[in-house]
Amino acid sequence: MLLEVNDVRGSYGGTDILHGVTLNVGNREIVTIAGTNGAGKSTLAKAVIGLLPQVSGRIEFAGRDLTGLPVEDRIAAGLAYVPQVANVFLSLTVLENLKVVPNVRDATTRIARQLDAFPALKPRLRQRAATLSGGERQMLAFARALLTQPTLVVLDEPTAALAPSLVQQVFDLVIQLPAQDVAVLMVEQRARQALAISDRGYILDQGRVVLAGPATGLLADDRMAKLYLGSEH
Amino acid sequence: MIAYLIAVGIIALIYMLLTIGLNLQYGYTGLINFGVVAFFAIGAYTSALLTLGGWPLVPAFVVAIIVAAIVAYPIGLLSLRLSDDYLAVVTLGFSEVVRLAIQQERWLTHGVQGLPGIPRMFLSLGIGDYAELATLAVLVLCNLAAIGLMLHLVRSPYGRLIQAIRDDEVAVEAIGKDPRRLKVQVFMLGSGLAGLAGAFYAHFITYLSPDQFLPLVTFYVWIAMIIGGTGRTTGAVAGSLILMVFLEGSRFARDWIPSVSEVQMASVRLALVGLALILFTIYRPQGMMGSRR
């Protein structure tokens, strides 16, 4: 397995939000974490990337123990993270948003490669990110995350605050990532749509995994769908 | 009249250094520093005390910059734990602590009696009235250097990172950079510039007392930055010049309203500066040099 999260507990400094979460992600897999509001989905994403202040348990990535390592070391190890909503630097141009990523070897070539992968960004290079549409901002966030050539991208609610017409556009971007040798750990509120493009899924409730398995199985599980996935729009 | 214009020019250029430093802290990085005057005072007293103790001017200026930057270090560290609003309150409080410490520590600063006899710049060269002109020239060079440094900085990878902090700290962490370290560095750099401005001020005025370092100085610098355009180095330049036109221009307004006494005129000047700020905020919120985003 590429990522192995074992018995992870964590908090922002007070009461634990995660209560012993165990999950894994394989190479070139898309794995969705779904659950109700406040289930601990985004907290889990932050624990994986190293942004959660208090974490116990073990997080292994490509056989290496990441527990206690700062974010920059996890990114150097091959992880990338796209935060929820505020994921681009609004006052910087599209090009500056790409150039801002530190420690990228041969940055010019890699930026050109990302612009080929996300051609909609090309005509907007000198535009401030604040002027981009929601979908274009997500493209920019993805392009920036992929600059460091990660093997696993953690996406925290990539469709949050997007118009419904743009949601499928973002999922179309996610589904292309395994072809680039990138696995995806995606936290999503739109569980049905997310699971539809995923290999596997985990359902969280109150900081615990209450259901896990292949995405098709979860989608077919009426009981759990009613409890945790809701009726999808 | 020429001597007056040179003196106004020197004060304008001192304010310009302060505004460039604040613009780096707030305009580019988003750090709300309401204690600019504290670092200005620290630079002024450091250089004054050292030169009165026999130090040559240049090393005294260098130490003034370093001391102001070092004092900024713990305040910068505090900014890591505080949100923007709280940092504003802490820095405002800190500026008053510095002023009161200057007032109380008479053994060092002579307290409210003030520190007289600070050596004037270039006086030892025996160039008489040209000494102030030389001071003006050196200040122009220092401002040009500071402007060049800022323009280079904001276009560099470092500059992109500090501007990214202003937009979103979590997103900066997400790309593997520690915003905390950058914030402290920026706070120290801006405060070092304020220290340099303070050193120039001390050796131009040649007398220092605590009442020259009221929070009003900080707010003048903020007004200059806002009027010029936050996040624009050219805005800092334009803003400090416009501020000086308002402050000094309002002196001549007394000729038109003779019934107003000198003391009352000081309040009228403040009101005029406030009015200018209100008008800019309404009609040109992006400042003189800013572009609408």
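Which residues of β8(A) are buried on one side, and which on the other? Before the answer, some housekeeping. This is a predicted model, in which local features need pLDDT of at least 70 and side-chain atom pairs count only at pLDDT 80 or more, while totals for chains, interfaces and linings use all residues. Residues are numbered from 1 along each chain as its sequence is written, and chains are lettered from A and ligands numbered from 1 in the order in which they are written.

**View 1. Strand β8 of chain A, covered on both faces.** On one side sit Ala183(A), Leu185(A) and Val187(A), on the other Val184(A) and Met186(A), and all are buried (20 or more other C-beta atoms within 10 Å of a residue's own; 12 or fewer would be exposed, in between partly exposed, with C-beta atoms placed from the backbone). In a regular strand, side chains alternate between the two faces of the sheet. Since 5 of the 5 residues in β8(A), residues 183-187, are buried, the strand is largely enclosed by the rest of the structure. Strands here are DSSP runs of E with at least two residues, helices are runs of H or I with at least four, and both are numbered from the N terminus.

**View 2. The partners of β8(A).** Strand β3(A), residues 30-35, runs parallel to β8(A) and is joined to it by 4 bridges; Val31(A) has Leu185(A) as its bridge partner. Strand β7(A), residues 152-156, also pairs with β8(A) in the parallel sense, over 5 bridges, and here Val153(A) stands opposite Val184(A).

**View 3. The six-stranded sheet of chain A.** Read the order of this open sheet as β6-β7-β8-β3-β9-β10, with mixed pairing. At the edges, β6(A) (79-82) and β10(A) (208-214) each pair on one side only. From one strand to the next, the twist averages 15° (axes are lines fitted to C-alpha atoms, for helices over the stretch in contact, and angles run from 0 to 180 degrees between N-to-C directions). Between β3(A) and β9(A), residues 200-205, there are 5 bridges in a parallel arrangement, and Ala34(A) stands opposite Ile203(A).

**View 4. The four-stranded sheet of chain A.** This open sheet goes β2-β1-β4-β5, and its pairing is antiparallel. Strands β2(A) (18-25) and β5(A) (64-65) are at the edges with a single partner each, so one side of each has no neighbour in the sheet. Look for the 7 bridges between β1(A), residues 3-11, and β4(A), residues 54-61, with Ser11(A) opposite Gln54(A).

**View 5. Two helices of chain B.** Helices α6(B) (130-155) and α7(B) (157-167) pack at about 75°, their axes 4 Å apart. That makes α6(B) roughly perpendicular to α7(B) (65 to 115 degrees; under 35 is roughly parallel, over 145 roughly antiparallel, the rest oblique). Leu153(B), Val154(B) and Arg155(B) of α6(B) meet Tyr158(B), Gly159(B) and Gln163(B) of α7(B).

**View 6. Where chain B touches chain A.** Here 16 residues of chain B are in contact with 20 of chain A (contact means C-beta atoms, placed from the backbone, within 7 Å). The largest share of chain B's side, 7 residues, comes from α7(B).

Technical notes
Two strands pair if DSSP finds at least two bridges between them. Two residues are in contact if their C-beta atoms, placed from the backbone, lie within 7 Å.
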